[in-house]
Amino acid sequence: MIRMLTAYTEEVLDTEAAGTQILAQLDLSRNLARHAVGIISCMTEFVQTGVVKALCDRLPFDVVGCTTMGTTVQGVIRPVVLTLTVLTSEEVAFAAGITDSLEGDLAPVEALYEELLKALPEKPSLLIPFAPFMFIGGDEFVEKLDDLSGGLPLFGMLAIAQNLHEGNIYTCYNGTCKTKALGLLALSGPIDPLFLVSAIPQDRIIGPQALVTEADKNVLHRVNDIRALEYLRSFGLAESGEIEGIETMPLVLELQDGSRVARACISITPEGSVVCGGDVPVGVGLSIATIDFDDVIESTGLLIQEALRKAQGRSLFMISCAARNWALGTDLYAEMEHVTARIQGSMPYHFSYSGGEICPIPDRNGTPVNRFHNDALIVCIL
């Protein structure tokens, strides 16, 4: 059994006060079990002012996490906030760490994984990655961890921030925060995580399914053998050479194993290709969808309803795509408010926005496969 403790602070300047507030809410002397680990989510300011480092220095366990553009625990929704979620258990062990810079290749991920294996009493049951936002999507991280672990369940996120400049987006471990490193948490022991992923409704898909005929990782070159830009223009979505309504127009991919993922459109290259938020494999089916405020709120409500039905007194770890937040328009806190209203303090939960989501989904045979998502709300029941 894993117990979830949560705390928050809005104190972004006074490092001492921030730590005192967090520790008072956690009441570790009463609540800490044999094993524990912290998961931190915060705006960039908490890294830059030293609050993250000072807080981690005061905690008696490892802390891993990343920056976000919005996070909530305990129903507290604020513009600038740091949340700390503690997982603690008598039976489940935790090991966490962070890689060296991934600027060159992903070799440091393998070194970190081997390090965590040595720190655990048995093989992990679940991996929670906090990947860097490097404008390359997150599929490479998923594939690497999948290969290393032999397909262990992955549930995690890409770091994000309110300002999307790479220098403002951090992954963190024990107060050390980096812009091009992967943080990783491994859990071993008797856990039975359940995963839920919101799906884009079929009635939000525009037109017939097309075929990806040329792509290079996350850059979509040709659809149905025509330039991606021309394909979008056929739907009236890129008349000026720019993607109209970029925040509300995900691409939906039908992968060859039968699973479905969404891809956010980020930009159009001068050659007429579309840069996406994740890989777009050649040969997969592609459709265009639209999402708006009502879609985000409705899908959130349905997923939380399902999570509450299945949780049975357990805890919820929730990650939502930044694109869903952008689709809310000026009502930036509507999804977090809806989550809070639905849960109504019935169980501990952690909610954060991400630059991409990592979560297993079933293939056509019902077998879970680890996937990188855009425009999704994902839930892990612990």
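1. Basis. The model is predicted: local features need pLDDT of at least 70, side-chain atom pairs count only at pLDDT 80 or more, and totals for chains, interfaces and linings use all residues. Residues are numbered from 1 along each chain as its sequence is written, and side-chain values use heavy atoms, with hydrogens and water left out.

2. Sheet. Five strands make an open sheet of mixed pairing, in the order E4-E22-E21-E25-E12. Strands are DSSP runs of E with at least two residues, helices are runs of H or I with at least four, and both are numbered from the N terminus. Two strands pair if DSSP finds at least two bridges between them. Strand E4 (71–72) and strand E12 (194–197) are the edge strands, each pairing on one side only.

3. E12 pairs with strand E25 (residues 377–381) in the antiparallel sense, over four bridges. Within this pairing, Phe 195 stands opposite Cys 380 in E25.

4. Helices. Helix H8 (residues 293–311) lies across E12, strand E21 (316–321) and E25, and runs at about 10° to E25. Helix H10 (residues 334–343) lies across E4, E21, strand E22 (349–354) and E25, at about 165° to E22. Contact means heavy atoms within 4.5 Å. Axes are lines fitted to C-alpha atoms, for helices over the stretch in contact, with angles from 0 to 180 degrees between N-to-C directions.

5. Aromatic pairs. Rings of Phe, Tyr and Trp (its six-membered ring) pair if their centres lie within 6.5 Å; planes under 30 degrees apart count as stacked, over 60 as edge-to-face and the rest as tilted. The count by this rule is three aromatic pairs. One of them is the stacked pair of Phe 155 and Phe 195, at 6.1 Å centre to centre and 25° between the planes. Phe 155 sits in the loop between helix H6 (139–149) and strand E8 (156–158) and Phe 195 in strand E12, so the pair ties together parts 40 residues apart in sequence.

6. Second pair. Phe 155 and Phe 317 have ring centres 5.4 Å apart and planes at 55°, so this pair is tilted. Because Phe 317 lies in strand E21 and Phe 155 in the loop between H6 and E8, the pair ties together parts 162 residues apart in sequence. Ring pairs link Phe 155, Phe 195 and Phe 317 into a cluster.

7. Burial. Buried means under 20% relative accessible area, exposed over 50%, and partly exposed in between (1.4 Å probe, protein chains only). Phe 155 is buried at 0%, as is Phe 317 at 2%, while Phe 195 is partly exposed at 22%.
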